[in-house]
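Visitor: I would like to learn how to read the features of a structure that is new to me. Could you take me through it slowly, with the general idea before each case?

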Amino acid sequence: MESTFRIGRIFGIDIRAKSGALILLLIVMYLAINALYPEMLPGLSRNMYIFLGLLTTVLLYISLLTHELAHAIVARKNGIEIVGVVLMFVGAAAIIKEELKTPQAEFKMATAGPLASIFMAFVFMAIAIFIPDTLLLPKEMFVYLTVINLVLAAFNLLPGFPLDGGRILRSIFWLYTDNIDKSTRMAVRVSLFIALGLGIFGLIIAFNGNFFSGLWFVFLSNMLFGMSKQTSEMLEIKEQTKK
Ligand SMILES: [Zn+2]
């Protein structure tokens, strides 16, 4: 794949990264060391913050990869060829070589990721509850990772296309219409509403005292708008080449 480099292979699936992924990794690491832990656990040594920050970053990336690998493994089980899992500037994606052949296969592939994230949340929650709280492995770290995995599942389950929730919705439309292009168009329409809703919600929050959280929702709204628009443009190209 162009402009990506291979970083490893898990369960026979290539793990690749775009160069932008390194920027995100460094930002996450920097914030975990310098903002998250000094705020969450004040009074520790600088070395302790570095250790906890690095460990959290590794566990965050394991969480992200688990989500994408779940998509990839379920896709492969349904006979779809996998290009690999690609880490990007924002998030990651499982890249498949061909379009899914049945709505059932799409439904299974789309739900696998959020289910894996919910599973990871349970694992971290169990550790937070059952493993004794120590300075090296503080409960707060596992609670934080539980929350992040739940947020990852919830965000991806938004019915915006091509998020997992949007794909689940399309697979349901597809099951009833028996027409993938028509179903994509319906899912994109829902997606634009979701993007609009996220944007309005973000602006309301931003102008009610929570400026940066609001800005984050506006950013997500913008991203979803872009992805939905791109999907409908690609659909138009596909239809024009058919004529
Ligand atoms: Zn996903």
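Visitor: What is the handedness of the crossing of H5 and H6?

Guide: A crossing is called left-handed if the near helix is turned anticlockwise from the far one by less than a right angle, and right-handed if clockwise; the crossing of H5 and H6 is right-handed. Please keep in mind that this is a predicted model, in which local features need pLDDT of at least 70, side-chain atom pairs count only at pLDDT 80 or more, and totals for chains, interfaces and linings use all residues. Residues are numbered from 1 along each chain as its sequence is written.

Visitor: At what angle do helix H5 and helix H6 pack?

Guide: Two packed helices are described by the angle between their axes and the distance between the axes. Axes are lines fitted to C-alpha atoms, for helices over the stretch in contact, and angles run from 0 to 180 degrees between N-to-C directions. Helix H5 (residues 164-177) and helix H6 (residues 180-206) pack at about 140°, and their axes are 8 Å apart. That angle makes H5 oblique to H6, since angles under 35 degrees count as roughly parallel, over 145 as roughly antiparallel, 65 to 115 as roughly perpendicular and the rest as oblique. Residues in the contact include Leu169, Phe173 and Trp174 of H5 and Met186, Ala187 and Val190 of H6, where two residues are in contact if their C-beta atoms, placed from the backbone, lie within 7 Å.

Visitor: Which classes of residue make up the contact of H5 with H6?

Guide: Here Ala, Val, Leu, Ile, Met, Phe, Trp, Tyr, Cys and Pro count as nonpolar, Asp, Glu, Lys and Arg as charged, and the others, Gly among them, as polar. By that scheme the contact of H5 with H6 has seven nonpolar, five polar and two charged residues.

Visitor: What lies in the loop between H5 and H6, and is Asp178 buried or exposed?

Guide: A residue is buried if 20 or more other C-beta atoms lie within 10 Å of its own, exposed if 12 or fewer, and partly exposed in between, with C-beta atoms placed from the backbone. Asp178 is found in the loop between H5 and H6, and it is exposed because 10 other C-beta atoms lie within 10 Å. Asp178 also has a positive phi of about 60°, although it is not a glycine.

Visitor: How do H3 and H4 cross?

Guide: The axes of helix H3 (residues 103-130) and helix H4 (residues 139-156) come within 8 Å and cross at roughly 165°, which means that H3 is roughly antiparallel to H4. H3 passes H4 in a left-handed crossing, and among the residues in contact are Phe124 of H3 and Leu145 of H4. This contact divides into 14 nonpolar, five polar and one charged residue.

Visitor: Which residues does the cis peptide bond join?

Guide: The cis peptide bond joins Phe161 and Pro162, with omega about 10°, and Pro162 lies in the loop between H4 and H5.

Visitor: How many helices and strands are there in the protein chain?

Guide: Helices (H or I, at least four residues) and strands (E, at least two) are DSSP runs, numbered from the N terminus; the protein chain has seven helices and four strands, in the order β-β-α-α-β-β-α-α-α-α-α from the N terminus on. Of its 243 residues, 29% count as buried.
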